[in-house]
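Below are some notes on the model, with the pocket and its ligand taken in turn. Please read them next to the coordinates.

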Amino acid sequence: MPQSYDDEGDGPAVFLLHGYPFNRSMWREQIDFLSADGFRAIAPDLIGISDKLQLVADSIEHETLRQRQAEAYRTIRTMESMARDVSALMDDLKIDQAVICGLSMGAYVAFEFVHLFPTRVRALVLAGARAQGPDEDEKQSREQQAHRILTEGMGLVAGAMLPKLLAPRTLAEKPNVVSRVREMILRTDPRGAAAAQRGMAARRDYSNDLTDIDAPTLIIAGRQDAVRKAEDAEFIRRGLGNSRLEIIDDAGHLMNMEQPEVFNRLLLSFIGEAEPHR
Ligand code: MLT
């Protein structure tokens, strides 16, 4: 079960599943908004936050360090294990059913969750999502990333990913969002990030699951998302009978942080339809 989570508000439950390599703080605007509007917003950390910015600390004795690195190299955090953790958290919080909202890696987890626990899903929200599984190139590149993260730390991820994660307008006009995203990446434990990369490399192809999903689904895409193509969202919409697609302007991959008002409005109107008796 996730050790850290936010749980705010009263009402129908909405689980918010973060992307890679972030943490639950990426949902701050949604937690505030939903909890003020009659919902219970629950956001777990799925990867693990570190107060150390580097795996390799000089103070760690050499042999211990080698052992820790060896363990880290073997570790994998599968999408299934994350989905099972979310279900265990629901059990613990005595919640039977919830809206499951996942962004990017969180959407992989949402796909896995609805596959494993279909009756626990009241409705689905998939943001910055992709259903197709990884090809050989993607698997290799994720393994290389995992290796580099463990040897070089999260700084390299922040440098390489930041420009791709946010729309040009966000990068130019919203320095607070840029620094929050950088901070989130740097605070992620490199071992957790590497394990999640391996988990994403080992994920299933969710395309074949689409026709089995009955839950009403909202798909959200950022128009300037450089990580996910528009076709990825279209593909999911075509595969899911009970779904609709919304595209947010001036938003990249982290659309919920870049355009929180628009994202929240879409979320609320969709969840309001799924929870008419609230
Ligand atoms: C994410 O934002 O979760 C990642 O971009 C997911 C991925 O690498 O596929």
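**Notes on the pocket and the ligand**

1. The volume of the largest pocket is about 690 Å³. A pocket here is an open set of points, on a 1 Å grid over the protein atoms alone, where a 1.4 Å probe fits, with protein on both sides within 12 Å along at least five of seven lines. Grid points are joined across faces, edges and corners, and the volume is the space filled by probe spheres set on the points. The lining comprises 28 residues, and the closest to the pocket centre are Arg142, Met161, Gln197, Val227 and Arg228; a lining residue has an atom within 4 Å of a point.

2. The model is predicted: local features need pLDDT of at least 70, side-chain atom pairs count only at pLDDT 80 or more, and totals for chains, interfaces and linings use all residues. Residues are numbered from 1 along each chain as its sequence is written, and side-chain values use heavy atoms, with hydrogens and water left out.

3. At least two lining residues come from each of α4 (105-116), α5 (136-152), α6 (155-165) and α9 (190-201). With six residues, α6 gives the most. Helices (H or I, at least four residues) and strands (E, at least two) are DSSP runs, numbered from the N terminus.

4. By class, 13 lining residues are nonpolar, six polar and nine charged. Ala, Val, Leu, Ile, Met, Phe, Trp, Tyr, Cys and Pro count as nonpolar, Asp, Glu, Lys and Arg as charged, and the others, Gly among them, as polar.

5. Where is the ligand? The ligand sits in the largest pocket, in the sense that more than half of its atoms lie within 2 Å of the pocket's grid points. Residues around the ligand (a heavy atom within 4 Å) include Gly19, Phe22, Ser104, Met105, Met200 and His253. This shell has six nonpolar, three polar and two charged residues.

6. A backbone N or O atom of Tyr20 is at 2.7 Å, a side-chain N or O atom of Tyr108 at 2.8 Å, and a polar side-chain atom of Arg142 at 2.7 Å. On its own the ligand has 270 Å² of accessible area (Shrake-Rupley, 1.4 Å probe), and the protein covers 94% of it.

7. Two backbone details could be checked. The peptide bond between Tyr20 and Pro21 is cis, with omega about -5 degrees; Pro21 is in the loop between β2 (13-17) and α1 (28-36). Lys94, a residue other than glycine, has a positive phi near 60 degrees and lies in the loop between α3 (79-92) and β4 (98-103).

Definitions and conventions
A polar contact is a pair of N or O atoms within 3.5 Å; within protein, one must be able to donate a hydrogen and the other to accept it, and residues adjacent in sequence count only if both atoms are side-chain atoms.
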